[in-house]
Amino acid sequence: MTPFDRPVGARSLAVRAEAGSAAAAVLRRVLAEAGTRLVLLVPDPHARFAAVELEAPFAAEVLDDGYGVCSYVFAWTPERDPLPGNDVLQPYLGGFGDLRIRADAASAVPLGDRTWAVVCDAELPSGAPADLAPRTVLRRQLAELEELGLVPSVGLEHEVVFRDADGVPLTGHGVDYAVGGTERLAPLLADLRSAAAGLGVESARAECHPGQYEVVLRHRDALSACDDALLLQLLTRRTAAAHGARADYLAAPETGQGNSCHVHLSLSTPDGPAGFPFGLGAFLAGVLRDARALTALWAPTWNSYVRLRTAPFSPRVLRWGPDDRTAAVRLCGRAEAPRLEFRFAGADAQPHLVVAALLAAGRAGVAEGLTPPEPGTAVGELAATPWDALAELEKGRAEELLGAELATQQLTVLRAELDSGLDTVTDVQRRRGALRS
């Protein structure tokens, strides 16, 4: 086992920090060698990385001193334009100064060609954590959950559609669990297996829509799960591009289809796994209570709502069931080690924020001793439109759970998403306009 291996299961923040220290010592020696490179990666609000590449020997120094990145990476649109300013965003937009990013060596992974990637935390010039950084949001929720004696283990499943240069899926039909029919995908997937070898892949399979595939990483601590999910997406896009293809993580690749971000989550206590209904049941009840208020975290784009409204395995009705993939939450795993699968989020959602929102809502359920409804009982629905999701944000529950800074950022991001859609002539408008002639 190396310092860069991803251990399976729950790991507290303190234990993870110890692993990071050990990994940093090894990485520092590696990066001192001429010809090596280090890519600093910072998760942004749009489920991607901002990146800076450094050369040896300076790269090794950065592990101790950190490096600068323009503050607007946490206050920009998908096009990398600054969001409209307000009091909360002003520290990130006023003057466009630098934040200090600090490498979390526990996240380090080799990219080949003597290049390493490492995911970073961000802090303000004062040294305080950057409140809008998705990693900061998740770290705080993990710390608060640990105060209740609970540590999560998380597994993320992202579906992706592979398309050729003309946008045509690389399989002509659904290939759910198929072996045959995936021949055009085989060379790409072989290279992806090699590229992702350091991330601890558990399984891979063809999925139910044309060109769709899913690669699943093993359960791990929440920070690693979210970092590695984005690293896997990065490697998947790079591998697809090398084959003249595109990796499509749209929540709804087509009407009636869904690319999801399913979150498998279990809880550990000092005495072992939290059972169901005790422990996990209260967590589930909290999430079901607040899932609608947090819809904007599960569904951040216009396209997200096509998935929620039309994809049959992306249920909007809030109910849970034992081993039921038609439910919004599926109880699965072994009786002695149960886990919950939350099926709300699309593949376009920011994974650190999705998991942070689940932890915040679940922690509230545990703290209040909530009881889950009976299986199969509907207790509400996710917001059906981005306007409904915006109204839920404005009610303030997301602010109570995740803080005023994050809630304001999400309000601003969603408003910008709506403005972008309303300022754009789309194929739908053209098609419906032609029907009026």
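Student: Where is His-219 found, and is His-219 buried or exposed?

Tutor: His-219 is found in the loop between strand S9 (212-217) and H6, where helices (H or I, at least four residues) and strands (E, at least two) are DSSP runs numbered from the N terminus. This is a predicted model, in which local features need pLDDT of at least 70 and side-chain atom pairs count only at pLDDT 80 or more, while totals for chains, interfaces and linings use all residues. Residues are numbered from 1 along each chain as its sequence is written, and side-chain values use heavy atoms, with hydrogens and water left out. Because its relative accessibility is 18%, His-219 counts as buried (under 20% relative accessible area; exposed is over 50% and partly exposed in between, with a 1.4 Å probe and protein chains only).

Student: Which residues does His-219 touch, not counting residues up to four places away in sequence?

Tutor: His-219 touches Pro-7, Val-8, Gly-9, Ser-153, Val-154, Gly-155, His-264 and Arg-339, a contact being heavy atoms within 4.5 Å.

Student: How should I read the packing of H5 and H6, and at what angle do their axes cross?

Tutor: Two packed helices are described by the angle between their axes and the distance between the axes. For H5 (residues 186-195) and H6 (residues 222-242), the axes come within 9 Å and cross at roughly 140° (lines fitted to C-alpha atoms, for helices over the stretch in contact, with angles from 0 to 180 degrees between N-to-C directions). H5 and H6 are therefore oblique to each other (under 35 degrees is roughly parallel, over 145 roughly antiparallel, 65 to 115 roughly perpendicular and the rest oblique). On the H5 side, Leu-188, Asp-191, Leu-192 and Ala-195 meet Leu-235, Thr-236, Thr-239 and Ala-240 of H6. The residues of this contact of H5 with H6 divide into five nonpolar, two polar and one charged (nonpolar: Ala, Val, Leu, Ile, Met, Phe, Trp, Tyr, Cys and Pro; charged: Asp, Glu, Lys and Arg; polar: the others, Gly among them).

Student: How far apart are the axes of H4 and H6?

Tutor: The axes of helix H4 (residues 134-146) and H6 are 10 Å apart, and the two helices pack at an angle of about 155°. H4 and H6 are therefore roughly antiparallel to each other. From H4 the contact takes Arg-135, Leu-138, Arg-139 and Leu-142, and from H6 it takes Ala-222, Leu-223, Cys-226 and Asp-227. By class, the contact of H4 with H6 has five nonpolar residues, no polar ones and three charged ones.

Student: How many residues of helix H7 are buried, and what do they pack against?

Tutor: Ten of the eleven residues of H7 (residues 280-290) are buried, so that this helix is mostly covered. Its buried residues pack against strands S11 (261-269), S13 (320-322), S14 (329-334) and S15 (337-342), and also against H10 and helix H12 (397-402). The axes of H7 and H10 come within 6 Å and cross at roughly 120°, which makes H7 oblique to H10. Gly-362 has its place in helix H10, and at 0% relative accessibility this glycine counts as buried. Leaving out residues up to four places away in sequence, Gly-362 touches Ala-282, Phe-283, Gly-286 and Val-287.

Student: Which residues have the most contacts inside the largest nonpolar core?

Tutor: They are Trp-298, Phe-342, Phe-344 and Leu-402, in a core of 62 residues (a set of buried Ala, Val, Leu, Ile, Met, Phe, Trp, Tyr and Cys residues joined through side-chain atoms within 4.5 Å). Helix H10 (residues 351-367) gives this core its largest share, ten residues. Another core, lying apart from it, has 37 residues, including Ala-59, Ala-75, Ala-108 and Val-413.

Student: Which peptide bonds are cis, and what is the phi of Arg-114 and of Tyr-177?

Tutor: Most residues other than glycine have a negative phi, and most peptide bonds are trans. A cis bond joins Ala-56 and Pro-57, with omega about 0°, and Pro-57 lies in the loop between strand S2 (49-55) and helix H2 (58-65). The bond from Phe-276 to Pro-277 is also cis, with omega near 5°, and Pro-277 is found in the loop between strand S12 (272-273) and H7. Arg-114, in the loop between strand S5 (109-112) and strand S6 (115-123), has a positive phi near 60°, and at 45% relative accessibility Arg-114 counts as partly exposed. Tyr-177 has a positive phi of about 60°, and at 55% relative accessibility Tyr-177 counts as exposed.
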